[in-house]
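Hi,

Here is the structure I promised to send over. Have a look at it first, and then read on for my notes.

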Amino acid sequence: MAAARFLAAALLLLAAGGCGRGQPAAAAAAEPSFPVLTGRVVDRADLLAPGDEAKLTQASAAVERETGHQFVVVTLASLDGYKIEDYAVRLGRHWGIGRKGVDDGVILIVAPRERKVRIEVGYGLEKRVTDPFAAKVIRERMVPAFQKGHLAEGIVAGSDAVVDRLRSKASDAQIRALDGVVT
Amino acid sequence: MNRTRFATLMLVPVAAASLSGCGVNSIPTAEENAKAKWADVQAAYQRRANLIPNLVATVKGAATSEQNILVGVTEARANATRVTLSGDQIGDPAAMARFAAAQNQVTLSLQRLQEAYPQLQSQGNFKTLMDQLEGTENRINIGIRDYNQAVQSYNTTIRTFPAVIGAKVFYGAKPMAPYQATTPNAEVAPTVSFDTNTSR
């Protein structure tokens with residue numbers, strides 16, 4: 001009887017024993033302190049006038065309605081010592097930008113304090129917003145405005161270029177040729 | 001009395017289901033996850049390898065090229081392409097180190113290439129390729145981090161109750177090796193032949 005009760009207790013322990021899902025606490029490595037996803041434009045560095053913000057929000061909403069792709073603009077007060085490439089990927093995952101399983105989110109991220117800018121693209125959109133395209137938008141549309149101190153102007157120009165590309169009806173092959181993609 | 005026994009009997013399938021649900025099945029799940037993440041790492045390295053012939057051709061066409069550096073890149077790439085690592089070898093630290101060393105030579109040779117041709121940086125075609133190279137290197141870094149996290153998760157799973165029972169009894173599961181992109185002797189010059197007469 002006592003043995004049976006012990007067995008029952010042991011089995012109950014096993015049954016209830018937190019299996020988790022093989023996700024130990026250790027796997028959650030140090031993360032930066034991310035801003036809250038308050039909308040399609042998260043202007044933590046306060047670079048955008050309300051009018052710009054409204055315009056960008058509208059463009060992002062329209063492109064999601066048309067294509068399903070999610071596009072978020074974020075400005076940061078600080079990168080918390082992280083490289084922008086690293087920060088951007090973590091932020092995109094943290095926020096869960098893009099549809100699950102499609103991974104078709106894009107984040108345009110500007111960190112004025114560190115003077116860094118990046119267009120981070122989910123795996124599902126790499127064939128549309130290609131590396132050379134993103135680099136070119138930053139180099140030719142954003143950085144020149146930033147250098148003149150026109151931060152909002154650069155952000156709007158970069159966002160417009162990304163939104164246009166998300167809307168593009170060109171085939172993947174045409175985009176490859178257009179952007180000079182090799183891999 | 002009867003009720004107690006009944007309760008005990010009821011608990012057996014519950015416990016068994018819970019064991020198979022997380023304890024035992026979590027091991028192959030974690031293992032497959034790590035292998036999938038490793039496949040991503042290799043795919044990113046493969047993309048880099050695919051870029052290199054175009055990069056070399058562009059440099060050759062645009063500049064009075066320094067033969068040594070171009071040969072160095074090409075040979076490092078050829079060597080790295082030969083050193084492959086299947087999903088089943090990812091528990092093998094020595095095989096991982098060989099793979100990392102070969103890829104690291106490619107990284108170093110590409111750095112030399114960039115440093116050697118500052119005048120090419122503004123040339124359109126070269127710039128486009130460098131943008132892609134940078135993107136690829138970034139994907140490699142993300143892939144490695146995701147893989148190492150998956151390995152850590154797997155290694156913890158096989159050591160943690162109750163999965164540890166399944167790990168010992170059913171699978172003989174061994175810990176997997178994390179991937180270190182920079183090998184201890186990473187700064188050592190590559191052992192490639194700069195002799196342009198040999199056709200290797």
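Helix 2 of chain B, residues 26-62, has 37 residues and reaches 54 Å from its first C-alpha to its last. That is close to the 54 Å expected at 1.5 Å a residue, where the expected span is 1.5 Å times one less than the number of residues. Helix 2 of chain B does bend, by about 25 degrees at Ile52(B), and a proline, Pro53(B), follows within four residues. The bend at a residue is the angle between axes fitted to the seven residues ending there and the seven starting there.

Before the rest, some housekeeping. This is a predicted model, in which local features need pLDDT of at least 70 and side-chain atom pairs count only at pLDDT 80 or more, while totals for chains, interfaces and linings use all residues. Residues are numbered from 1 along each chain as its sequence is written, chains are lettered from A and ligands numbered from 1 in the order in which they are written, and side-chain values use heavy atoms, with hydrogens and water left out.

**The two chains**

Chain B is made of six helices and zero strands, so its elements read α-α-α-α-α-α from the N terminus. Helices (H or I, at least four residues) and strands (E, at least two) are DSSP runs, numbered from the N terminus. Chain A has six helices and four strands, in the order α-β-α-β-α-β-β-α-α-α.

Of the 183 residues of chain A, 45% are buried; in chain B, buried residues make up 43% of 200. Buried means under 20% relative accessible area, exposed over 50%, and partly exposed in between (1.4 Å probe, protein chains only). Chain A exposes about 9,600 Å², with carbon and sulfur atoms supplying 55% of it. For chain B the accessible surface is about 10,400 Å², and 55% of that belongs to carbon and sulfur atoms. These areas come from the Shrake-Rupley method with a 1.4 Å probe; for residues, only the protein chains shown count as cover.

As for contacts (heavy atoms within 4.5 Å), take those in chain A between residues at least 6 apart in sequence: 64% join residues at least 24 apart. In chain B, residues 24 or more positions apart account for 80% of the contacts with a separation of 6 or more.

Strand 1 and strand 2 of chain A run parallel and are joined by three bridges (two strands pair if DSSP finds at least two bridges between them). Val41(A) stands opposite Val73(A) of strand 2. Strand 2, residues 70-75, is mostly covered, with five of its six residues buried.

Helix 3 of chain A has 12 residues and spans 16 Å from first C-alpha to last, close to the 16 Å expected. Its buried residues include Tyr87(A), Leu91(A) and Trp95(A). What do the buried residues of helix 3 pack against? They pack against strand 1, strand 2, strand 3 and strand 4 of chain A, together with helix 5 (124-159) of chain B. Just after helix 3, Gly96(A) takes a positive phi of about 70 degrees.

**Residues to click on**

Most residues other than glycine have a negative phi. Asp46(A) has a positive phi of about 55 degrees although it is not a glycine. Asp46(A) sits in the loop between strand 1 (41-43) and helix 2 (50-67) of chain A, and is exposed at 62% relative accessible area. Arg115(A) also has a positive phi of about 55 degrees without being a glycine; its place is the loop between strand 3 (105-111) and strand 4 (116-121), and it is exposed at 72%.

Asp104(A), in the loop between helix 3 (84-95) and strand 3 of chain A, is buried, with a relative accessible area of 0%. Beyond four places in sequence, Asp104(A) touches Gly68(A), His69(A), Gln70(A), Gly98(A), Arg99(A) and Leu125(A).

Then there is Arg165(A), in helix 5 (residues 151-167) of chain A. Is Arg165(A) buried or exposed? Arg165(A) counts as buried because its relative accessibility is 7%. Its side chain makes a polar contact of 2.8 Å with that of Asp179(A). A polar contact is a pair of N or O atoms within 3.5 Å; within protein, one must be able to donate a hydrogen and the other to accept it, and residues adjacent in sequence count only if both atoms are side-chain atoms. Leaving aside neighbours within four places, the contacts of Arg165(A) include Arg128(A), Phe133(A) and Leu178(A).

Cheers
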